[in-house]
Amino acid sequence: MSPGKSSSAKGYLCVVTAALMWASSGTAGKALFDAGMSPFDLVQIRVTLASGILFLAFLVVSRNLLLIRPKDIPFFLLLGSGVMAVVTGSYLYTISKIQVAAAILIQYLAPIFVAIYAMLFWKERPTFVKIAALFLAFGGCFLVVGGYNLALLQMNLLGILGGLTSAITFAGYSLLGERAMHRYRPWTVIFYALAFSALTWHVVYPPFTYIRAGYGLAQWGWIFYIAVVGTILPFGLFFAGINYLRSTRASITATLEPIFAGFLAFILLGERLLLLQVIGGSMVILAIVLLQLQQEHDELAPALIRTQKN
């Protein structure tokens, strides 16, 4: 396998794993909401605990991952406080206002926003394969979540606006993260995104609510699961994927999340998969296979840019 193909394979593996982890963490979030935790309480503790764990891990394993240039602090403030804080809060707010299926469908408009921006402003080539993969991925998500049964225009307007905010900020998160990785490694980028997001949530929301909440052992178990498996690892792996694939291909690949969620519900909860859901899942998988088959050498991949700078 050539170095280019090897790097591409690593990128797809990272994003596929991230999608699986995001899908699995939904059960944990549902358990916490059923126990009375509000979406904003969960967001605050999620990003705080995740950034704290990463900070301690970097101190032990590699302190170099904590180093950034002072002049880049405003950029990371934008990424964390302006984007990460909003994307983590807006999605949970959306599912509190409208159906989860509708929230997922709106969320996965993000790859379209990413592709349009990258093609207009970053001169990314609008190949037939990428355009076809975009339509297949979104169409597949539409079928998997039962979009044909969703009366979107009759839903809560605030919920729809929250979903669009989540999609746009997730696209911004992907694009800004790619730009940050021109200089920094993926784990440095995700740490500062989480850290500034945590700072923001302690400013805009009553601070340290989780300390006074009196959560039980089971709840703390779910919270740690979401912090690690639902936040640190998938967001970090998603950036690692962008590091090799760039934002457009990585965000399209991430549409596997609802497919994995449906499959896990089938395996673990015995929920029935409809024929249209199976077709939708197949469309998303076909989109990713098309992207993988293209195997284009992208000189603007962050991993290559950092290598050239070093």
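**Notebook: a helical chain, looked up piece by piece**

I looked for disulfides, meaning pairs of cysteine sulfur atoms within 2.5 Å, and the structure holds zero. Buried means under 20% relative accessible area, exposed means over 50%, and partly exposed lies in between, with a 1.4 Å probe and protein chains only. Cys14 is buried at 16%. Cys141 is buried at 1% relative accessibility.

I noted the ground rules. This is a predicted model, where local features need pLDDT of at least 70, side-chain atom pairs count only at pLDDT 80 or more, and totals for chains, interfaces and linings use all residues. Residues are numbered from 1 along each chain as its sequence is written, and side-chain values use heavy atoms, with hydrogens and water left out.

**Overall fold**

I went through the secondary structure next. Helices (H or I, at least four residues) and strands (E, at least two) are DSSP runs, numbered from the N terminus. The protein chain has 14 helices and zero strands. Its radius of gyration is 19 Å, close to the 19 Å that the globule rule gives for 310 residues, so the chain is as compact as a globular protein of that length. That radius is taken over C-alpha atoms, and the rule is 2.2 Å times the number of residues to the power 0.38. Along the principal axes, the C-alpha atoms fill a box of roughly 55 × 50 × 35 Å.

I checked burial and contacts for the whole chain. Of its 310 residues, 53% count as buried. Contact means heavy atoms within 4.5 Å. Among contacts between residues at least 6 apart in sequence, 89% join residues at least 24 apart.

**Helix α4**

How many of the eight residues of α4 are buried? I found six, so to speak a mostly covered helix, spanning residues 100-107. The buried residues are Ala102, Ala103, Ile104, Leu105, Ile106 and Gln107. They pack against α3 (73-97), α5 (110-121), α6 (128-144), α7 (157-180) and α12 (256-268).

**Thr200**

I ended on one residue. Thr200 is found in helix α8, residues 186-204. Is Thr200 buried or exposed? Thr200 is buried, with a relative accessible area of 16%. I looked up its neighbours, not counting residues up to four places away in sequence, and Thr200 touches Ser81 and Ala85.
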